[in-house]
Amino acid sequence: MESQKKYPRVYSFEFFPPKTEEGVARLRQTREQLARLEPRFFSVTFGAGGSTRERTFETVRDIQQESGIEAAPHLSCVGSTRDSIREILDAYRREGIRHIVALRGDLPSGMGRAGEFRYANELVEFIRAETGDHFHIEVAAYPEFHPQAPNAEVDLLNFKRKVEAGADSAITQYFYNPYAYYHFIERCEQLGIDLPIVPGIMPITNYTQLARFSDMCGAEIPRWIRKRLEAYGDDRASIRAFGEEIVAEMCQALLDAGAPGLHFYTMNQAAPVLAVWNRLDTGT
Ligand code: FAD
């Protein structure tokens, strides 16, 4: 973890672009509550193939204009052309956006167009070629390895390609086993990969949803956590209380070990994040 200790801690919160006016109003409230924690940035997800292009843009513009906190749009390249990505980058530059999360994305089944980019390293390369140093570029990292990677080492080398293409920092997929993160950082150090790798944190509020999502993205819920959550059944209050306790314990352990901050997957809700945050010594 030595390589990570030299970086200042960065806290950030991720939102998805709401679909309805009520969702927009609710997100505004969430944002106001989380802005009090003085995060470095709020990020906004982007539907692969451009499905949320307008809504991501509007959410980013609201954040930038209303919250006083930097907005970092996600941009996924699968199913996209170079021209469409160039247009999006230009639009963000005009809005004064300086921070971007560059991803490949996953096309929903049935949306078969591969587009002009195959992998995220090509997107990072393109952003650098088109816009020089304008953007701070974040990329995704997978301490438990990306589900499509043939093996762990190949995935790490693919992560290295994104770094070499010009990424400034990385955010991880969520995990509940901190040793997966420590080991990932150790392997990065051995491969000469040196940039801040911030753990992505998913608060636990709903077991069924979390289990489904974790299966899809290859994040493991350790057996002892799964068994506890399953046993709570419909008892949402107990799921939340247990979730807050173990997620906060893990976050504190990560920070104490030298993690350069935390990135929360908020699902547009402030309360589960605040419940974890209020138990932490974040050093802020
Ligand atoms: P890549 O880095 O391209 O990796 C994808 C797979 O291809 C891996 O298995 C990798 O090993 C392999 N690979 C990579 N490069 C090469 C290469 N050059 N040659 C051969 N194989 C290669 N998805 C969205 O749609 N929208 C979002 O807003 C979004 N936000 C996210 C935020 C974070 C922090 C994270 C961790 C994920 C996010 N995702 C999002 C999900 C992400 O798009 C998926 O996990 C996707 O499957 C991989 O994206 P990537 O950028 O990591 O891809």
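In this predicted model, helices α6 and α7 cross with right-handed geometry. Helix α6 covers residues 152-164 and helix α7 covers residues 178-190. Their axes lie 11 Å apart and meet at an angle of about 65°. From α6, the contact draws on Glu 153, Leu 156 and Phe 159. From α7, Phe 184, Arg 187 and Cys 188 take part. By class, 4 of these contact residues are nonpolar and 2 are charged, with no polar residue.

Helix α3 (residues 53-66) packs with helix α4 (residues 82-94) at an angle of about 15°, and the axes are 12 Å apart. An angle under 35 degrees counts as roughly parallel, so α3 is roughly parallel to α4. The crossing of α3 and α4 is right-handed. On the α3 side, the contact involves Arg 53, Thr 56, Phe 57 and Val 60. On the α4 side, Ser 84, Glu 87, Ile 88, Ala 91 and Tyr 92 contribute. The contact of α3 with α4 comprises 5 nonpolar, 2 polar and 2 charged residues.

The strands come next. A barrel is closed by 8 strands, in the order β1-β2-β3-β4-β5-β6-β7-β8, with parallel pairing. Direction ignored, neighbouring strands of this sheet are turned by 25° against each other on average. Strand β1 (residues 10-15) pairs with strand β2 (residues 41-44) through 4 bridges, in the parallel sense. Within this pairing, Phe 13 faces Phe 42 of β2. Helix α4 packs on the sheet and touches β3 (70-76) and β4 (99-103). The direction of α4 makes about 180° with that of β3. Helix α7 also packs on the sheet, where it touches β5 (136-141), β6 and β7. Between the directions of α7 and β7 the angle is about 160°.

Strand β7 (residues 197-201) was considered in detail. Burial extends to 5 of its 5 residues, so β7 is largely enclosed by the rest of the structure. In a regular strand, side chains alternate between the two faces of the sheet. Both faces of β7 are covered. Ile 197, Pro 199 and Ile 201 are buried on one side, and Val 198 and Gly 200 are buried on the other. Strand β6 (residues 169-174) runs parallel to β7 and is joined to β7 by 3 bridges. In one of the pairings, Ala 170 has Ile 197 of β7 as its bridge partner.

Two individual residues complete the description. Ile 239 belongs to helix α10 (residues 236-257). The relative accessible area of Ile 239 is 2%; the cut-off for burial is under 20%, so Ile 239 is buried. Apart from residues up to four places away in sequence, Ile 239 touches Ile 204, Thr 205, Asn 206, Tyr 207, Leu 229, Tyr 232 and Gly 233. Ile 239 and Tyr 207 are separated by 32 residues in sequence, and their C-alpha atoms are 7.5 Å apart in space.

His 146 occupies the loop between β5 and α6. The relative accessible area of His 146 is 17%, and this residue is buried. With neighbours within four places in sequence left aside, His 146 contacts Arg 104 and Asp 155.

Methods:
Residues numbered from 1 in each chain as written. Predicted model: local features only at pLDDT ≥ 70, side-chain atom pairs only at ≥ 80, totals over all residues. Heavy atoms only, no water. Axes fitted to C-alpha atoms, helices over the stretch in contact; angles between N-to-C directions. Helix = DSSP H or I, 4+ residues; strand = E, 2+ residues; numbered from the N terminus. Parallel < 35°, antiparallel > 145°, perpendicular 65-115°, else oblique. Left-handed = near helix turned anticlockwise from the far one by under 90°. Contact = heavy atoms within 4.5 Å. Nonpolar A, V, L, I, M, F, W, Y, C, P; charged D, E, K, R; others polar. Buried < 20%, exposed > 50% of the residue type's maximum accessible area, 1.4 Å probe, protein only. Pairing = 2+ DSSP bridges.
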